[in-house]
Amino acid sequence: MHADKNIPVSDVIVIGAGASGLTAAIAAARKGASVLILEHNSISAKKILSTGNGKCNFTNARQEPSCYRSDRPQLVQDAMEQFSWKDTVVFFEELGILTKSVNGYYYPRSAQASAVRDALLSGIRELGVHVRFKTELTGIQFKTDGFHIQTNNGAYRAGRCILATGGIAAPKTGSDGSGYLYAKQLGHTVVRPLPALVALSSPAPWIPGTAGVRCDARVSLFVDGEKQAEDTGELQLADYGISGIPTFQVSRYASVSLAEKHRTEAEIDFIPEMPAEELYPYLSARVFRSGAKKTWRDILNGVCNQKIADMICRTLRLQDSLIRNFPEQTVKEQLALIVRQLKATRIPISGTGAPERAQTTCGGVPLKEIGVDMQSGFVPGLYFAGEILNVDGICGGYNLQWAWTSGFIAGSHAAD
């Protein structure tokens with residue numbers, strides 16, 4: 001490529017030094033390409049440090065289509081066949097990471113997320129990949145002689161360009177959504193980016209009274225009365241609403257529903273391991289065996305968290321009533337109502353946590369506009385990797401796996 005000698009020229013320029021960008025750079029450099037990374041932060045891959053509560057669950061042996069949400073699920077699966085979770089484990093072992101599996105969840109043996117980031121940085125150094133920090137893009141153009149990139153630190157050119165700028169989640173780590181602007185400049189559309197893997201807010205009046213409760217529960221997300229998703233795990237109740245893994249897993253559907261102004265509700269099953277047809281006779285036996293001098297609050301003691309029991313009794317106005325004061329038929333009716341509350345407490349959802357509290361982004365450049373090689377369908381030599389694409393995974397290392405997979409594919413093909 002002929003170039004102005006005053007403008008640095010590379011085979012491949014990667015925009016973004018996060019998980020997918022560093023992986024793309026390594027993959028391209030391993031194939032002999034000269035690679036330059038432009039990063040607007042002062043450090044690389046800051047977001048990796050917070051993953052897995054600082055331990056970095058970087059992939060998962062359980063890989064199913066339902067683990068990823070996108071506008072083109074088959075492309076995600078095709079990509080995973082090119083660079084799988086097993087390839088990821090090998091990739092990091094080659095970079096010097098001793099890995100360990102905890103029920104299929106993979107971590108560095110040191111249990112330090114910094115080890116994963118440092119291994120990637122060591123990898124690019126060994127391959128001669130340069131990073132320009134504090135470099136903000138101001139424009140990007142595709143011409144006959146490649147990509148012309150303008151920044152606050154001067155101009156750059158390359159034959160191929162990889163956009164790996166992240167989404168909108170955790171903007172303090174560098175994911176400020178700027179990549180969407182560059183994608184649009186180059187002719188792509190963007191599905192509205194929204195927070196995913198995030199807490200949900202509810203105006204339900206009983207919520208503040210249960211703040212601090214952690215309990216096993218099933219959370220189902222309903223949009224206009226239709227169930228969209230559900231998950232079971234440790235639910236966390238806060239003064240603003242609900243959080244915890246099962247909430248995070250369904251939150252992307254709430255984000256989309258709320259953005260589209262649909263009625264959005266969550267249904268909580270506080271006893272997910274026991275169906276209603278088993279729970280009713282179990283509680284009934286407790287009532288009629290020893291309930292004569294007890295309240296419903298006493299009956300629920302040990303069945304669920306006491307704050308949950310109080311909430312149910314207040315909601316049904318039963319908190320101080322002795323069971324013996326009611327006729328048997330009324331007791332049975334009250335018991336049926338309690339079981340229904342335990343199994344299907346429905347609350348309205350009014351909002352999600354802000355992007356800075358989200359773990360990832362749903363939305364982005366749609367997969368229908370790119371190929372399985374992560375190359376743009378509009379601009380030859382333009383590739384995408386990571387969270388900028390309209391793919392979001394569930395909790396458990398899936399968003400990082402998408403970063404590794406899309407980054408490795410993009411880098412490998414860009415080098416070709």
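This is a predicted model: local features need pLDDT of at least 70, side-chain atom pairs count only at pLDDT 80 or more; totals for chains, interfaces and linings use all residues.

Me: Which residue does Asp-392 meet in a salt bridge?

Reply: The general idea comes first: side chains of opposite charge can pair when their charged atoms come close. Here the partner of Asp-392 is Arg-252, with 2.8 Å from N to O. This pair links distant parts of the chain, as Arg-252 sits in helix 6 (residues 245–259) and Asp-392 in strand 21 (residues 391–393), 140 residues apart.

Me: Is Arg-252 buried or exposed?

Reply: Arg-252 has 12% relative accessibility, so it counts as buried; the cut-off for that is under 20%.

Me: How many salt bridges does a search of the whole structure find?

Reply: The search turns up 16. One of them joins the side chains of Asp-416 and Lys-31, at 3.1 Å from N to O.

Me: Which residue forms a salt bridge with Arg-297?

Reply: That's Asp-310, and the closest N and O atoms are 2.5 Å apart. Arg-297 belongs to helix 8 (residues 296–300) and Asp-310 to helix 9 (residues 306–315), so the two tie together parts that are 13 residues apart in sequence. With a relative accessible area of 33%, Arg-297 is partly exposed. Salt bridges can also share partners, and in that way Arg-263, Glu-265, Glu-267 and Arg-346 are joined into one network.

Me: Now the helices. What describes two packed helices?

Reply: You look at the angle between their axes and the distance between the axes. Take helix 2 (residues 73–82) and helix 11: they pack at about 75°, with axes 9 Å apart. Those two helices are therefore roughly perpendicular to each other.

Me: Which residues make that contact?

Reply: Helix 2 brings Val-76, Ala-79, Met-80 and Gln-82, and helix 11 brings Gln-401, Trp-402, Thr-405, Ile-409 and His-413. Sorted by kind, the residues of this contact are five nonpolar, four polar and no charged.

Me: At what angle do helix 1 and helix 4 pack?

Reply: The angle between helix 1 and helix 4 (residues 113–126) is about 35°, and their axes are 9 Å apart. Helix 1 makes a left-handed crossing with helix 4. On the helix 1 side, the contact uses Leu-22, Thr-23, Ala-25 and Ile-26; on the helix 4 side, Leu-120, Leu-121, Gly-123 and Ile-124. This contact has six nonpolar residues, two polar and no charged.

Me: Could you zoom in on one residue there? Is Ala-25 buried or exposed?

Reply: Ala-25, which is in helix 1, counts as buried because its relative accessibility is 0%. Leaving out residues up to four places away in sequence, Ala-25 touches Val-14, Val-35, Ile-37, Ile-124 and Val-129.

Me: How many residues apart in sequence are Ala-25 and Val-35?

Reply: They are ten residues apart in sequence, and in space their C-alpha atoms are 6.4 Å apart.

How values were computed
Residues are numbered from 1 along each chain as its sequence is written. Side-chain values use heavy atoms; hydrogens and water are left out. A salt bridge is a side-chain nitrogen of Lys or Arg within 4 Å of a carboxyl oxygen of Asp or Glu. Helices (H or I, at least four residues) and strands (E, at least two) are DSSP runs, numbered from the N terminus. Buried means under 20% relative accessible area, exposed over 50%, partly exposed in between (1.4 Å probe, protein chains only). Axes are lines fitted to C-alpha atoms, for helices over the stretch in contact, and angles run from 0 to 180 degrees between N-to-C directions. Angles under 35 degrees count as roughly parallel, over 145 as roughly antiparallel, 65 to 115 as roughly perpendicular and the rest as oblique. Contact means heavy atoms within 4.5 Å. Ala, Val, Leu, Ile, Met, Phe, Trp, Tyr, Cys and Pro count as nonpolar, Asp, Glu, Lys and Arg as charged, and the others, Gly among them, as polar. A crossing is left-handed if the near helix is turned anticlockwise from the far one by less than a right angle, and right-handed if clockwise.
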